[in-house]
Amino acid sequence: MDFDLTDEQRMLSESVNRLVTDAYGDFEHRKGYRAAPRGFADANWQALAEMGLLGLPFDEADGGFGGGPVETMIVMEAFGRGLVLEPFLATVVLAGGLLRRAGNEAQRAAILPSVVEGSMVLAFAHQERQARHDLHDVATTARRDGAEWVLDGAKGVVLAGDSADRIIVSARTAGARRDREGISLFLLDPATPGVTRRGYATQDGLRAAELVLEGARVPADAMLGHEGQALPLIELVVDEANAALCAEALGAMDVLRDLTVDYLKQRQQFGQAIGNFQALQHRAADMLVATEQARSMAMYAAMMVQSGDAAARRTALSAAKALVAKLADQLGKDAIQLHGGIAMTEEYKAGHYFRRLTMLGTIFGDVDHHLRVVVAAGGLPEAV
């Protein structure tokens, strides 16, 4: 398997890393971005649009560039290195992934150009309190009333949900709560009567929202795709999101490892740098091994998310997410321990990287959940 990047992909990597370094090279800038009304910098969002990153996966007919999972991996790894706050995952990967596949021509034309130019933020509201990480567990309902759909229910941890201009909501139009059939998607304006959203900061400094729907009415043409058949598409887009999260975790692990090694070289104890002690050198070597394992799994995830076999794809992505989350957790704990008390301060960035890695390990399924998926499938596909 050839994992070398093409010339175009190398140019993309250089460009996005340069953009992230310019915007986030000084960690104090990130603190200022967090304090902005939407929890990120509008200027940075526009810079992503001007570079074409907000149109990266969309078809050229929709104003995009037709990029694939490898291009998304390149971008997300760079974002992980900078702890980028802008809602690329929520807007482009999640909601954008649903809209470009399920939306009809009119729906795409109404939304995607605004996304590509940076004037619209999207979110995907699917997670519910009782569901844990089971994507088929949906209690939110949608019932037809004349020319409208009426939505009732509650969604939690809607990434970028408090700043989103449009939210794609999953709701059950038929069947029981845990049935695989009967789940549909709706494009919702959060200003619609009957919609309440409460925004908050997550532990890693990003933003999310709780969404409550009480008799919220949307027109019939707000449905995306075919009625009751949304689950396979949701599973595909969540797999793509998990591949992107693996890449972001890799970028954060790279930086946190380098921070730790630099600290070991500078911190003096007993008249010498603590990095001279063999036991700590072994710990640093373990961090390097963990990072390279995560790099391999991020590449594997980007490759397997393109598989036409949905069952094999889901198993492979769960295996990748479980291993990367486990490696990131151990590397993060080692980094905090080797830094000592300084890593626990708000002023020093190591703790912020660890918190983001912790969050990445739980979004769309923690280690235990994904291991259960792999075990239930009987292990990885034979081709792996």
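Tutor: A term to begin with: on a 1 Å grid over the protein atoms alone, a cavity is a set of points where a 1.4 Å probe fits but cannot get out, and lining residues have an atom within 4 Å of a point. This is a predicted model, where local features need pLDDT of at least 70, side-chain atom pairs count only at pLDDT 80 or more, and totals for chains, interfaces and linings use all residues. Residues are numbered from 1 along each chain as its sequence is written, and side-chain values use heavy atoms, with hydrogens and water left out.

Student: Which residues line the second largest cavity?
Tutor: The lining consists of His 126, Gln 127, Glu 128, Ala 131, Arg 132, His 133, Asp 134, Leu 135, Asp 137, Phe 364 and Gly 365.

Student: And how much space lies in there?
Tutor: About 100 Å³, where a volume is the space filled by probe spheres set on the grid points, joined across faces, edges and corners.

Student: What classes do those lining residues divide into?
Tutor: Three are nonpolar, four polar and four charged. Here Ala, Val, Leu, Ile, Met, Phe, Trp, Tyr, Cys and Pro count as nonpolar, Asp, Glu, Lys and Arg as charged, and the others, Gly among them, as polar.

Student: How many cavities does the whole structure have?
Tutor: The search finds four of 30 Å³ or more.

Student: Switching topic: how do α8 and α9 cross?
Tutor: The axes of α8 (residues 278-304) and α9 (residues 310-339) come within 9 Å and cross at roughly 160°. Axes are lines fitted to C-alpha atoms over the stretch in contact, with angles from 0 to 180 degrees between N-to-C directions. The two helices are therefore roughly antiparallel, a label for angles over 145 degrees.

Student: What residues make up their contact, by class?
Tutor: 19 nonpolar, three polar and three charged.

Student: What does Arg 295 form a salt bridge with?
Tutor: Its partner is Glu 77, with the closest N and O atoms 3.5 Å apart; the term needs a side-chain nitrogen of Lys or Arg within 4 Å of a carboxyl oxygen of Asp or Glu. Arg 295 lies in α8 and Glu 77 in α4, so the pair ties together parts 218 residues apart in sequence.

Note on methods. On a 1 Å grid over the protein atoms alone, a cavity is a set of points where a 1.4 Å probe fits but cannot get out, and a pocket is an open set with protein on both sides within 12 Å along at least five of seven lines; lining residues have an atom within 4 Å of a point. Helices (H or I, at least four residues) and strands (E, at least two) are DSSP runs, numbered from the N terminus. Angles under 35 degrees count as roughly parallel, over 145 as roughly antiparallel, 65 to 115 as roughly perpendicular and the rest as oblique.
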